Amino acid sequence: MPEGKPAETGTVKKKKTIVQRPAKASWKARLGRFLGINLLRLLGIGLLVTVGFFIGVYLKMVDLDKLNNEHKIYDWPIVGEYFVKLPWERYAEYRAKKEEEDRLAAEAEAQRIAEEEAKRLEEEKKAEAEAKKEAEAEAKKSKALVVSNEKIDKERQERAAAEKKRIAKLARLYTDMKPEEAAKIVDNLQDDVAVAILQRMEEGVSAKILAKLDPMKAARFSNIIFVGKRTVLTSLPDY
């Protein structure tokens, strides 16, 4: 083996890769970043508080005069330049005026609520009266309908009784006649009247009258009597 050359061992040495890590930031840089972030936060909070304060003043939710006198803002540095110390008399007058305005506003609100409540109660009372009136009208209508139906039934019964009475009277009159004379009269009567009279007579008498009638009419009367169908009479001559 030639001199000066290392012996080959059959393995390949890998080169080490050196990764350079960023140098750590100094404590001054970290402190500056910390202070910067917190300063931005404080500025944001201060800005929100300031905006909220001015919105409260604009909406009259914050009383500047009261804050000025109670907390002596006029003595504060920088900010106090924008506030003026109010004399005690002026401040007392302001407080009295403010309390009177608050009292009047509270009374007006109470009056408004009382009027709305009275109006609501009046509407409820009116609605109840209307409902009661409708119920009474409905009951009266139902009662009138019942009375009307009873009256109609009573009148119908009275007419039926009067009709039976008149039919019975005619039947007696025609029974006393000769069959030929009775047949001539029955022949000129309406079918329902003639049938009603024949039905009220004795069978022997009605048979003799039917025998004297026109065969077609006698057959028609007989058919009506057999079927039992007869038109309800509404009027009959009075005798």
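**Entry 1: a lysine to start from**

I began with Lys-169, which I found in helix H3; helices here are DSSP runs of H or I with at least four residues, strands are E runs of at least two, and both are numbered from the N terminus. I then looked up its cover: Lys-169 is partly exposed, at a relative accessible area of 33%. On this scale buried means under 20% relative accessible area, exposed means over 50%, and partly exposed lies in between, with a 1.4 Å probe and protein chains only.

A note on the source: this is a predicted model, where local features need pLDDT of at least 70 and side-chain atom pairs count only at pLDDT 80 or more, while totals for chains, interfaces and linings use all residues. Residues are numbered from 1 along each chain as its sequence is written, and side-chain values use heavy atoms, with hydrogens and water left out.

**Entry 2: the whole chain**

Next I stepped back. I counted 7 helices and 0 strands, and along the sequence the pattern reads α-α-α-α-α-α-α. Of the 239 residues, 15% count as buried. The accessible surface comes to about 20800 Å², and carbon and sulfur atoms hold 59% of that surface; the areas come from the Shrake-Rupley method with a 1.4 Å probe, and for residues only the protein chains shown count as cover. I also checked contacts, meaning heavy atoms within 4.5 Å. Among those between residues at least 6 apart in sequence, 60% join residues at least 24 apart.

**Entry 3: patches on the surface**

Which residues gather in the patch of positive charge? I listed Lys-164, Lys-165, Lys-169, Arg-172 and Arg-200. Helix H3, residues 88-176, gives the most to this patch, with 4 residues.

For my own reference, patch members have over 30% relative accessible area and no salt bridge; like charges are joined within 9 Å, and nonpolar side chains (Val, Leu, Ile, Met, Phe, Trp, Tyr) within 5 Å. Lys and Arg count as positive and Asp and Glu as negative, with His and the chain ends not counted. Each charge is placed at NZ of Lys, CZ of Arg, CG of Asp or CD of Glu.

I found a nonpolar patch too: Trp-27, Leu-31, Phe-34 and Leu-35 together have about 450 Å² of accessible area. Of these, I placed Phe-34 in helix H1, residues 27-58.

**Entry 4: salt bridges**

How many salt bridges does the structure hold? I noted 11 salt bridges, each with a side-chain nitrogen of Lys or Arg within 4 Å of a carboxyl oxygen of Asp or Glu.

I went through several of them in H3. Arg-112 and Glu-116 meet at 2.6 Å, N to O; these two lie 4 residues apart in helix H3, about one turn. Arg-112 is partly exposed at 36%, and Glu-116 is partly exposed at 45%.

Arg-120 and Glu-124 meet at 2.5 Å, N to O, and this pair is also in helix H3, 4 residues apart. Arg-120 counts as partly exposed at 35% relative accessibility, and Glu-124 likewise at 37%.

Asp-153 and Arg-156 have their closest N and O atoms 2.9 Å apart. Because Asp-153 and Arg-156 are 3 residues apart in helix H3, about one helical turn separates them. The background rule is that an α-helix has 3.6 residues a turn, so residues three or four places apart point the same way.

I also noted a network of salt bridges linking Glu-100, Arg-103 and Glu-107.

**Entry 5: buried places**

Why is helix H5 largely enclosed by the rest of the structure? It is because 7 of its 10 residues (the helix spans 191-200) are buried. I wrote them down as Asp-192, Val-193, Ala-194, Val-195, Ala-196, Ile-197 and Leu-198.

Then I followed the chain to Met-201, in the loop between H5 and helix H6 (203-212). Met-201 is buried, at 8% relative accessibility. Leaving out residues up to four places away in sequence, Met-201 touches Ala-171, Tyr-174, Thr-175, Ser-206 and Ile-209. Its C-alpha atom is 7.4 Å from that of Arg-172, a residue 29 places away along the chain.

My last stop was Leu-213, in the loop between H6 and helix H7 (215-227). Buried or exposed? Leu-213 is buried, with a relative accessible area of 7%. Beyond four places in sequence, Leu-213 is in contact with Ala-183, Val-186, Asp-187, Ala-218 and Phe-221. The C-alpha atoms of Leu-213 and Ile-185 are 10.0 Å apart.
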